[in-house]
Amino acid sequence: MAKVWVFTEVSADGTPAPSALELLTKARSLGDAEAVALGPGATASAAALGAHGASTVHASDDPVFTDHLSQPAAHALHALVERHRPNLILFASTHDSRDVAGRLQARTGSALMSNATDVVSPDLARTAIAGGSQLVDVALEGPVPRLILVRPKSFAAEPSGGTAAMVPVDVEIPEELRRARRLERHEETASGPKLEEARVVVAGGRGLQDAQNFALLHELAAALGNAAVGASRAVVDAGWIAYSHQVGQTGKTVKPEVYLAFGISGALQHVVGMKGAKRIVAINKDPDAPIFRLADLGVVGDALQVLPALIAEVKARRV
Ligand SMILES: Cc1cc2nc3c(=O)[nH]c(=O)nc-3n(C[C@H](O)[C@H](O)[C@H](O)COP(=O)(O)OP(=O)(O)OC[C@H]3O[C@@H](n4cnc5c(N)ncnc54)[C@H](O)[C@@H]3O)c2cc1C
């Protein structure tokens with residue numbers, strides 16, 4: 001049976017990143033799933049990882065993995081790979097995991113695939129090309145372990161009810177890998193649910209005309225509850241809203257119950273990040289806008305008129 005590992009990011013309180021639970025759910029369908037968790041909180045994360053299918057959790061609470069950049073993690077992971085010879089390692093497409101995966105690849109010479117949307121078998125993964133318009137299966141060859149960076153929300157996290165054996169990671173981290181130290185860490189302050197986890201996403205594009213009009217989207221999200229604000233790349237590039245709100249090929253993938261697109265044309269690179277929404281509502285003044293091709297409900301009209309009317313209606317119904 002293939003040994004499939006999931007590189008797991010953890011919070012200091014022992015909460016594994018939601019992406020790790022998604023990847024473990026997939027990993028256990030491919031073979032014997034194990035997790036590698038490095039940094040404070042790793043040991044405490046073993047219960048949640050086991051409950052999502054990890055038979056073993058290789059864990060170290062050593063702060064060296066969070067105090068320094070990814071060199072110590074890549075070094076420890078490489079040592080574990082040499083010892084245990086997994087067939088495949090799945091990584092979430094986060095900044096830290098991408099860094100670790102790249103450094104590991106340089107040591108193992110394995111095939112490293114990024115931007116995967118599915119893993120078909122331990123040596124075959126799927127990705128979208130041509131702006132998300134086509135899916136291709138990619139065969140991974142060469143030495144094991146094969147390394148795959150998976151887009152978030154590619155799989156739903158489902159508990160398996162299992163428990164994991166916890167194996168402490170015992171790897172000496174050389175001094176020269178501790179030279180780059182993380183001095184500060186800034187968490188973006190945001191109210192409301194995370195974009196990737198919200199039940200409803202209200203997103204805006206260039207059709208909103210002005211950065212200030214994004215206040216209307218925030219007001220609608222607050223009125224709806226469990227809703228987050230998304231955006232097209234055009235408005236992120238224009239500086240109207242932070243990159244963390246960007247949905248699409250070079251932004252986040254969201255799969256909410258409802259996605260409302262205000263003044264977004266529906267370019268392929270945007271659509272690839274939101275087409276998994278259960279229901280899509282588009283508001284655009286151009287009846288030929290491509291977004292209407294995938295919308296369940298389309299409103300041809302001025303977003304700046306529809307938004308205040310919708311906010312008033314939602315507020316009236318919530319009273
Ligand atoms: C490599 C690459 C990666 C990319 N990655 C992403 C990505 O991750 N996410 C992303 O979004 N884009 C991405 N793009 C950019 C993408 O191709 C589009 O340029 C972008 O999505 C367009 O944003 P938009 O819909 O806001 O703007 P536009 O395409 O300019 O559309 C504006 C829409 O608003 C409508 N409109 C105008 N006024 C009003 C009004 N008053 N009321 C209602 N509607 C109105 C117009 O009819 C139009 O349909 C990428 C491009 C490349 C090349």
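What follows is a dialogue on how to read features of one predicted model.

Me: How many helices and strands are in the chain?

Reply: Helices (H or I, at least four residues) and strands (E, at least two) are DSSP runs, numbered from the N terminus. The chain has nine helices and 14 strands.

Me: What does the radius of gyration say about the chain?

Reply: The radius of gyration is taken over C-alpha atoms, and the globule rule is 2.2 Å times the number of residues to the power 0.38. A compact globule of 319 residues would have a value near 20 Å, and the 21 Å of the chain agrees with that. Along its principal axes the C-alpha trace spans about 60 × 40 × 40 Å.

Me: Into which domains is the chain divided?

Reply: Domain bounds come from an automatic or database domain assignment. Here domain 1 covers 3-178 and domain 2 covers 200-318. Their centres, taken over C-alpha atoms, are 33 Å apart.

Me: How many residues of each domain are in contact with the other?

Reply: Two residues are in contact if their C-beta atoms, placed from the backbone, lie within 7 Å. By that rule seven residues of domain 1 are in contact with eight residues of domain 2. The domain 1 side of this contact has two nonpolar, three polar and two charged residues. In these classes Ala, Val, Leu, Ile, Met, Phe, Trp, Tyr, Cys and Pro count as nonpolar, Asp, Glu, Lys and Arg as charged, and the others, Gly among them, as polar. Over the chain, among contacts between residues at least 6 apart in sequence, 68% join residues at least 24 apart.

Me: Which residues come nearest to the ligand?

Reply: A residue is near a molecule if its C-beta atom, placed from the backbone, lies within 6 Å of it. There are 29 residues around the ligand, of which Gly205, Gly207, Arg233, Gly248 and His270 come nearest. The shell divides into nine nonpolar, 15 polar and five charged residues. Helix H7 (233-237), helix H8 (268-271), strand E13 (279-284) and helix H9 (303-318) each supply at least two of its residues. The largest share, three residues, comes from H7.

Me: Which residues of helix H6 are buried?

Reply: A residue is buried if 20 or more other C-beta atoms lie within 10 Å of its own, exposed if 12 or fewer, and partly exposed in between, with C-beta atoms placed from the backbone. Buried residues make up 43% of the 319 in the chain. An α-helix has 3.6 residues a turn, so residues three or four places apart point the same way. In H6 (residues 214-224) the buried residues are Leu216, Leu217, Leu220, Ala221 and Leu224. Seen down the helix axis they fall within an arc of 140°, so they line one face of H6. The arc is that of the directions from the helix axis to the C-beta atoms. These buried residues pack against strands E10 (200-204), E11 (227-231) and E12 (258-262), and against H9. After H6 comes Gly225, with a positive phi near 80°.

Me: Which residues other than glycine have a positive phi?

Reply: Arg85 is one of them, with phi of about 50°. Arg85 lies in the loop between helix H4 (71-84) and strand E4 (88-92), and is exposed, with 10 other C-beta atoms within 10 Å. Asn115 is another case, with phi near 65°. Asn115 lies in strand E5 (residues 112-121) and is partly exposed, with 14 other C-beta atoms within 10 Å.

Me: Where is a cis peptide bond found?

Reply: It joins Val144 and Pro145, with omega of about 0°. Pro145 is in the loop between strand E7 (134-139) and strand E8 (146-150).

Me: What is Val258 in contact with?

Reply: Leaving aside neighbours within four places in sequence, Val258 is in contact with Val200, Ala277, Lys278, Arg279 and Val281. Val258 lies in strand E12 and is partly exposed, with 18 other C-beta atoms within 10 Å.

Methods: Residues numbered from 1 in each chain as written. Predicted model: local features only at pLDDT ≥ 70, side-chain atom pairs only at ≥ 80, totals over all residues.
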